[in-house]
Structure formats: structure tokens, C-alpha cells
Amino acid sequence: MTSNARQMQAETFAPSARAQAQATPAPRHRPRQAAQTARRRAPMDLPFFLLVLLLLGIGVIMMFSASFASAFYTGGNPTFLFVRQSGFAIGGVAVMLLASFVPSNVYRRFALPGMLFSIGLLMLVLLIGVEGGGARRWLSLGFTTFQPSEFAKPAVVLLFAHMICIYKENMRTFRYGVLPFALVLLPIVVLLMAQPHLSASIIILALGASMMFIGGTRWGWFAAGGAALLGAGVIVVTQFSHAVSRIQVWQDPYSSPLGAGFQVIQSLYAIGSGGLLGLGLGQSRQKYLYLPEQHNDYIFAIVAEELGFVGSMLILALFAILIVRGFWIALHAKTKFASLIAAGMSSMLAIQVFLNVGVVTNLLPPTGISLPFFSYGGTALMFQLACMGVILGVSREIPAKKEG
């Protein structure tokens, strides 16, 4: 073939070669484009996010209404607690949004270190913790205090989710489905009872049981564990006068109307005074130093007094929708670990709401359990919003539905 023929052949095939090169992008750009597409198709779950903001907004308003009389009496500034709580709420929303961008597999790397750190904090609080009300439950940060038990709750969720992913094929056996989880819960509960912090112990035990149930532990082991806890509870009640008095007050608050039963009675007065539609926002009477802890553990009684049965049920309905939406996110999660942490965080919210409302209405014996997003407590609020951010992060990983 002559040189002219070769040149004509090269010019003939050059356009098609250039077109093929232009039609096929360089392989090195594909991962970047895929990552950008994934980011565009994975927004956070908007209904869940809006429900959290709605409950947070209502909670801060109700906390202000419940606290201004106490704040004025103790410090002369009726807006003091409201301003502090609002600041922590804003910071908590920022933390929630930051947490929503963290991939779920990152939490798995820190599951065990987080639990060890949590146990270390619980040991530290027994040594240098701040004491109040006959208990040593707080660590001081200088500008505020926080309860290490708040850190222990999500730590249990993350570690249990990690363990379930490891033992998933053997979760129905005692060796893998019960024993390792019990060995994790035992030191936490022992340290909490040494403070003492009964309410946190109950929440963490219930949370651990929920995670094991979701993970596939056999029903029979729960029955055996429930029987063991019931037996231990009977021993505690019969051996400790403090526990006996709490049970008696729960059964009949009027047996000690000016003593142990005073708070429960005032709470029931507040709930009963609200009636169907309530006295109106800001119109509570029990918050004027009649009801102890009116802006903290017993804030739901003020909610019922001011907003009535209808308002209280609407707020509980919002909590229920939020919890159900959290489980919906868990069911649609990309991985098993992501599904477990979303379900665990949702279970933690459900347990705490149920126990708080149960105590305030005297359905359950009195224990110090706060109402998420409503009760006063800045660091606790930030922990709660961070946990909601974890669920939002799981929602970002849910594959987008195909259009058409």
C-alpha cells in the first residue's frame, strides 16, 4: 500500500474514532459523576425532619410557659430558662444537620470505643460527679452539666447493632443472642444503680431488649429474662423501704398527700383542670410553684392543663407519627446496620415518651424521666437531636425511586 493510500485510509477512519472517543467518557470521571448523582438523589427524609422541628418548636414554647414562674422566683428573670433552652435547641438542630451527613458505616467503626467511653464516663461520675437530690448523676463542664447516661443510650444502640450484624446467623441461641448483650448491659446498669439512677437503668434495659428483639433473639429468652427481673424487683421492693414507699404512693398517692404523693397529686390536678380544650396557653395554675419539676419531668402535666385533652392527644399523635416514620426509614435502609441503628434510635424515643407520660399520669410508679424535646435540659436536648440526625443520615442513604 502506497503512502498516499495509507493517508487516505487514516483520514477516512479518523472522524469515526474521534466520535467514539467523544461518546465514551474517560473511565476516571465515572466514580466522581456517580458520587455526585448519588448525592443529588439522596436528600434527607423531609417529613421526619419537619416533625422533629415541629415538636421541638412546641416543646420550647411549652417549656417557657411552664418555667417562667419558677425562673422568676429563683432568679428574678422569667426568661432565663427559656433563653438557655432556646440556645441549646438551635445548637441541637445544627448538630442534627451535621449528623445527617455522616454515613452510617462510620458509626460502626466507633461502636465499641463509644461504649467503652460511655462506661468510663459512668465510672467518672461516681468519683467526681455533681450531687443533687441524693444522687450523683451529673458531670460538670463549667458552663453546664450533663448526665453520662444520655451518652450511654445511643452507645447501646450502636454497639448492639454492630453485635447483631456479627451474630446475625446465631441470634436465636443463648450463647450469641443473649449472653454477649447481657454482659454489655450488666456493667452499665450496675454503674447507673450506684448513682442511683433508676429511670436511666429502666430505659437502657428496655432499649437493649428492643434491640435484641429486632435482631432476632428468641421469645423464650425474653420470658426468662422478664421472670428474672420480676423476681429481682420483688426482692428490691421487699428489702428497701424507699422502693416500698414508691409503690405505695403509686397505688394511693393520697396516703402521703404532703409527702411522697404530693407531686403525683399536683400532676393529676393539673391534668384534670385542663379538661377537653385546656385553660389556654400560659394560663396554667399549677406551674406557680404548686407542681414540682413543672418544666422538667412533669412538663406534660402543664401541657395537659393549658392545651387540654385535645392538645395533649395531638402532641402524642405527633410523637407517634415521628416514631412510625423512624421505623419506616429503618425498613427502607440500605444496610442491616443502618436499619438497626434507625430502629434503635426510634425505639429509644418511643420508650422515653411512653415512660414519661405513664409517670405523669400515674400509670407507672414515679421515676425521673424527661419528655424528649419538651423537658428542660440543654445537653439532653442536644443528645436527642443528634440521635434524630443519625436517623436522617440513614434516610439519605435510601435509594431514590426510579421515575417513570
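Modeller: Gly-275 is partly exposed, because its relative accessible area is 38%, and partly exposed lies between buried (under 20%) and exposed (over 50%), with a 1.4 Å probe and protein chains only. This is a predicted model, in which local features need pLDDT of at least 70 and side-chain atom pairs count only at pLDDT 80 or more, while totals for chains, interfaces and linings use all residues. Residues are numbered from 1 along each chain as its sequence is written, and side-chain values use heavy atoms, leaving out hydrogens and water.

Gly-275 sits in the loop between α13 (262–274) and α14 (299–331); helices are DSSP runs of H or I with at least four residues, strands are runs of E with at least two, and both are numbered from the N terminus. Leaving aside residues up to four places away in sequence, Gly-275 touches Gly-308 and Phe-309, where contact means heavy atoms within 4.5 Å. From Gly-275 to Val-310 there are 35 residues in sequence and 8.9 Å in space, C-alpha to C-alpha.

Next come the aromatic rings. Rings of Phe, Tyr and Trp (its six-membered ring) pair if their centres lie within 6.5 Å; planes under 30 degrees apart count as stacked, over 60 as edge-to-face and the rest as tilted. By this rule there are 12 aromatic pairs. One of them joins Phe-160 and Phe-181, edge-to-face, at 4.9 Å centre to centre with 75° between the planes. Phe-160 belongs to helix α7 and Phe-181 to helix α9 (residues 179–194), 21 residues apart; both are buried. Phe-319 and Phe-374 form a tilted pair, 5.9 Å centre to centre and 45° between the planes. Here Phe-319 is in helix α14 and Phe-374 in the loop between α15 (336–360) and α16 (378–396), 55 residues apart. Phe-319 and Phe-374 are buried too. One aromatic cluster is formed by Phe-64, Phe-68, Phe-82 and Tyr-288.

Helix α7 also packs on another helix. Its partner is α6 (residues 111–128); α7 covers residues 148–166, the angle is about 150° and the axes are 8 Å apart. The two are therefore roughly antiparallel, a term for angles over 145 degrees. Residues making the contact include Ala-111, Gly-114 and Phe-117 of α6 and Pro-148, Phe-151 and His-162 of α7. Sorted by class, the contact has 14 nonpolar, four polar and no charged residues.

Key
Axes fitted to C-alpha atoms, helices over the stretch in contact; angles between N-to-C directions. Parallel < 35°, antiparallel > 145°, perpendicular 65-115°, else oblique. Nonpolar A, V, L, I, M, F, W, Y, C, P; charged D, E, K, R; others polar.
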